[in-house]
Structures are given as C-alpha cells and as structure tokens.
Amino acid sequence: NHLTCLCGNPDNPLLIQNWLATFSATSNCNLNVTLSNDYPNGTITPSCGNAGTQAVTFTAVDDCGNTASCTANIIFIDNNPPELTCPAGPVTVGTDAGACEATIPMGGAAAIGALDKCDPNFTITNDSPYAVDNNSADAYGTYPTGTHVITFNAMDACGNSSMCSLTLIVADQEDPMIACPADILVAADV
C-alpha cells in the first residue's frame, strides 16, 4: 500500500503519520511483535521539482528475534502550477518629465507576484519588447506612450504552467508648453 501526497498540502504530515500507523504484523506463535520503520531517514528519489518517491522500510521483530520486512512508498506529486498575481485592472503611469516615454524601474509598475509552493526554481518569462529582461516577473524598462499588454508565463519542473497579463498604460500627463509672442506696440493714427 503506497501513499500519494500532493506537494504543498499542509495536511501531509498528518496523512503520513496516519499511513505509518496502518502497518501491522503478527506472529504465528502469538508472540509480541515490535514494528518499526525508517521514516523519515529515507531519501526522496526526485522525479521533478520537489516531487518524487520516498521508500519506507517497515521491520517486524518478534520475541524470538525473528524478523520480517517490507517496503512501501510515499509518492509526492506536484500538480500545482506556479501562482502568478497580476493587477486586476490597468496600471497607469505618467511619462518622464519632458519625454514621450516612461522609465519603469525594477520592482515598479511592470512587476507581478510569482510563487510556486512546490518548486522554488520555476521559470518565468514576459513578452514585453521593452523589458530589459524577458526571463523575469519584472518587465521593467522604458515604454513609449500608449497601452501595453504584457503577458507573463511560468512553468515548473513538472510541466505545470500558468499565465497572467498586466495592462500598462503610459500616459502623457504633462501640460503642453506654450510660447506666447511678445507684446506688440501699435501706434494709432490720430
């Protein structure tokens, strides 16, 4: 009997404890039997990310020193995609002073939240042609005025993926500059 656990499930310790308690052994001569296991000393054979299989060896010893053992597996699976958090609505920024573009700093308006509970080494990309780094959850860079839809994609080592989009509006919010002509003196004919 193997146990399957979902990576990131906060109930896993209790599930494992209850599963370990289900193993039993009896003796043909009605002797007392002591049951032990090597959990958590076994190693997890990785399959992807933090998913994998951990073999647990159970050993039974009766009062006469006779032993028997068996091995069962705890299988950790990762079917959880990375979690991306994009703003619900458009993000509007003003242009830089005297320019028709906005410099979005690292960690600024073009950054999103990203987390994977099972695989801290997931990859993330963005499709912005203005981003300094397209392999990032932060599409910082210099953007011209207009509306820019930036799509972020994330994938973990188990092939679970997710995406979200951020709408960045770069608006010219500066008042126009006007140069008025100098006053003119006009002589009136009398």
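Guide: Please keep in mind that this is a predicted model.

Visitor: What makes S7 and strand S13 a pair?
Guide: Two strands count as paired if there are at least two bridges between them. S7 and S13, the latter covering residues 161-171, are joined over four bridges in the parallel sense, and in one of these places Thr92 has Ile169 of S13 as its bridge partner.

Visitor: Which sheet do these strands belong to, and in what order do its strands come?
Guide: They belong to an open sheet of four strands with mixed pairing, in the order S7-S13-S12-S10. On average, neighbouring strands of this sheet are turned by 25 degrees against each other, if direction is ignored.

Visitor: Why are S7 and S10 called edge strands?
Guide: Each of them, S7 as well as S10, pairs on one side only, and that is what the name edge strand records here. Elsewhere in the sheet, strand S12, residues 146-155, runs antiparallel to S13 and is joined to S13 by 10 bridges, with Val149 standing opposite Thr167 in S13.

Visitor: Which residues have the most contacts inside the largest nonpolar core?
Guide: That core has 21 residues, and those with the most contacts inside it are Ile112, Tyr143, Ile150, Phe152 and Leu168. The elements giving two or more residues to this core are S7, strand S8 (101-104), S12 and S13, and S13 gives the most, with four residues. Leu168, leaving aside its neighbours within four places in sequence, is in contact with residues that include Val91, Val93, Tyr143 and Ile150. Apart from this core lies another core, of 11 residues, among them Cys5, Phe58, Ala72 and Ile74.

Visitor: Why are Phe23 and Phe58 called buried?
Guide: Buried means under 20% relative accessible area. Phe23 has 17% and is therefore buried, and Phe58 has 3% and is therefore buried as well.

Visitor: Why is the pair of Tyr130 and Tyr143 called tilted?
Guide: Planes under 30 degrees apart count as stacked and planes over 60 as edge-to-face, with the rest tilted. The rings of Tyr130 and Tyr143 have their centres 5.3 Å apart and their planes at 55 degrees, so this pair is tilted. Tyr130 lies in the loop between strand S10 (123-126) and strand S11 (141-144), while Tyr143 lies in S11, so the pair ties together parts that are 13 residues apart in sequence.

Visitor: What puts the buried residues of H1 on the same side?
Guide: The buried residues of H1 are Asn12, Ile16, Trp19 and Leu20. These residues cover an arc of only 95 degrees around the axis, so they lie on the same side of H1. What covers them includes strand S1 (3-6), S2, S4 and strand S5 (67-77). Trp19 also forms one aromatic cluster with Phe23 and Phe58.

Visitor: How do you know that Ser27 is buried?
Guide: Ser27 is in the loop between H1 and S2, and its relative accessibility is 14%, which is under 20%, so Ser27 counts as buried. Leaving aside neighbours within four places in sequence, Ser27 is in contact with Val33 and Asp62.

Methods. Residues numbered from 1 in each chain as written. Predicted model: local features only at pLDDT ≥ 70, side-chain atom pairs only at ≥ 80, totals over all residues. Heavy atoms only, no water. Buried < 20%, exposed > 50% of the residue type's maximum accessible area, 1.4 Å probe, protein only. Phe/Tyr/Trp six-rings, centres within 6.5 Å; stacked < 30°, edge-to-face > 60°. Axes fitted to C-alpha atoms, helices over the stretch in contact; angles between N-to-C directions. Arc of directions from axis to C-beta. Contact = heavy atoms within 4.5 Å. Core = buried A, V, L, I, M, F, W, Y, C linked by side-chain atoms within 4.5 Å.
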